[in-house]
Structures are given as C-alpha cells and as structure tokens.
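Please find below my notes on the model under review. They are set out as numbered points, to be read alongside the coordinates.

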Amino acid sequence: MHRDEPYYADDTKGVHFEVCVDGLPVQAYVAGAVLARAYGPMAPGSDCVAAYLANQAPIDSVVMRRVRAEGRDTVLLRLTDLT
C-alpha cells in the first residue's frame, strides 16, 4: 500500500486518506459510522474503503473546501459534511 492510498484502520474505525489541495497533500479521516449513516449499512474494513472510493469525488471536494476555509490540519469529516 502506498502512503496516499486510502485505508481502514481498526484502531480508529475509519478510513484515512489524502487529498491534494493546491498541490499539497492533506490528511483526512472519515469514521466508518459516518460513512454508514451517509451511504447505508456496511461492514468495517474493506466495505468502508469501497464506500469512500465510490463517493471519492464529493468527499474529496468537502475536504478541499474545509482546507481552504479552515487550514491544512487533518480534516475529520462529519456526517453534516456528507449529507
């Protein structure tokens, strides 16, 4: 796995991923529970990564907007970001 590939982490129960914003990588995270509430029931792990990948464009757009408004810190996505 490359560092910039999305992955599910058991300890945080969510998907960690990177988004390139204005030419620089930004770390982001979305909890599996948030993905499930936004996109329907799923099992932890590969289902969460698949949900992120299936909705990558709108999720990454939220990260870009949040970075431009709030700064380059790691972005923790909320349910309100996805609905």
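The points below go from conventions to the sheet, the helices, the core and a few single residues.

1. Conventions. This is a predicted model, in which local features need pLDDT of at least 70 and side-chain atom pairs count only at pLDDT 80 or more, while totals for chains, interfaces and linings use all residues. Residues are numbered from 1 along each chain as its sequence is written, and side-chain values use heavy atoms, with hydrogens and water left out. Helices (H or I, at least four residues) and strands (E, at least two) are DSSP runs, numbered from the N terminus.

2. Sheet order. The four strands form an open sheet in the order β1-β2-β3-β4, with mixed pairing; two strands count as paired if DSSP finds at least two bridges between them. β1 and β4 (75-76) are the edge strands, each pairing on one side only.

3. Antiparallel part. β1 (residues 7-9) and β2 run antiparallel and are joined by three bridges, with His16 of β2 as the bridge partner of Tyr7. The β1 and β2 hairpin has four residues between its strands, and Lys13 there takes a positive phi near 55°. β2 and β3 (residues 24-31) are also antiparallel, with eight bridges between them; Cys20 stands opposite Pro25 in β3. In the hairpin of β2 and β3, two residues lie between the strands, and Asp22 has a positive phi near 55°.

4. Parallel part. β3 and β4 run parallel and are joined by two bridges. Ala28 is placed opposite Val75 in β4.

5. Cover of β2. Of the eight residues of β2 (residues 14-21), seven are buried. Buried means under 20% relative accessible area, exposed over 50%, and partly exposed in between (1.4 Å probe, protein chains only).

6. Helix α3, placement and length. α3 lies across β2, β3 and β4, at about 65° to β2. Axes are lines fitted to C-alpha atoms, for helices over the stretch in contact, and angles run from 0 to 180 degrees between N-to-C directions. The 15 residues of α3 should span 21 Å at 1.5 Å a residue, and the end C-alpha atoms are 20 Å apart, which agrees; the expected span is 1.5 Å times one less than the number of residues. Gly71, which follows α3, has a positive phi near 115°.

7. Ile59, Asp60, Val62, Val63, Arg66 and Val67 are buried in α3. They lie on the same side of α3 because they cover an arc of only 150° around the axis, the arc being that of the directions from the helix axis to the C-beta atoms. The face turned away from this buried side carries the exposed residues Ala57, Arg65, Arg68 and Ala69. Packing against the buried residues of α3 are β2, β3, α1, α2, β4 and α4 (79-82), where contact means heavy atoms within 4.5 Å.

8. Helix α2. Cys48, Val49, Ala51 and Tyr52 are the buried residues of α2. Their arc around the axis is only 160°, which puts them on the same side of α2. Ser46 and Ala54 are exposed on the other side. The cover over the buried residues of α2 includes β1, β2, α1 and α3.

9. Nonpolar core. Which residues have the most contacts inside the largest nonpolar core? They are Val15, Phe17, Val30, Val63 and Leu77, in a core of 22 residues. β2, β3, α1 (32-39), α2 (46-54) and α3 (56-70) each give two or more residues to this core, and β3 gives the most, with five. A nonpolar core is a set of buried Ala, Val, Leu, Ile, Met, Phe, Trp, Tyr and Cys residues joined through side-chain atoms within 4.5 Å. In soluble globular proteins, nonpolar side chains tend to be buried together.

10. Leu77 and Val34. Not counting residues up to four places away in sequence, Leu77 touches Phe17, Tyr29, Val30, Val34, Ile59, Val62, Val63, Arg66 and Leu82. Val34 belongs to helix α1 and counts as buried because its relative accessibility is 16%.

11. Thr12. This residue is found in the loop between β1 and β2. Thr12 counts as partly exposed, at 32% relative accessibility. The C-alpha atoms of Thr12 and Val67 are separated by 21 Å, and the two residues are 55 apart along the chain.
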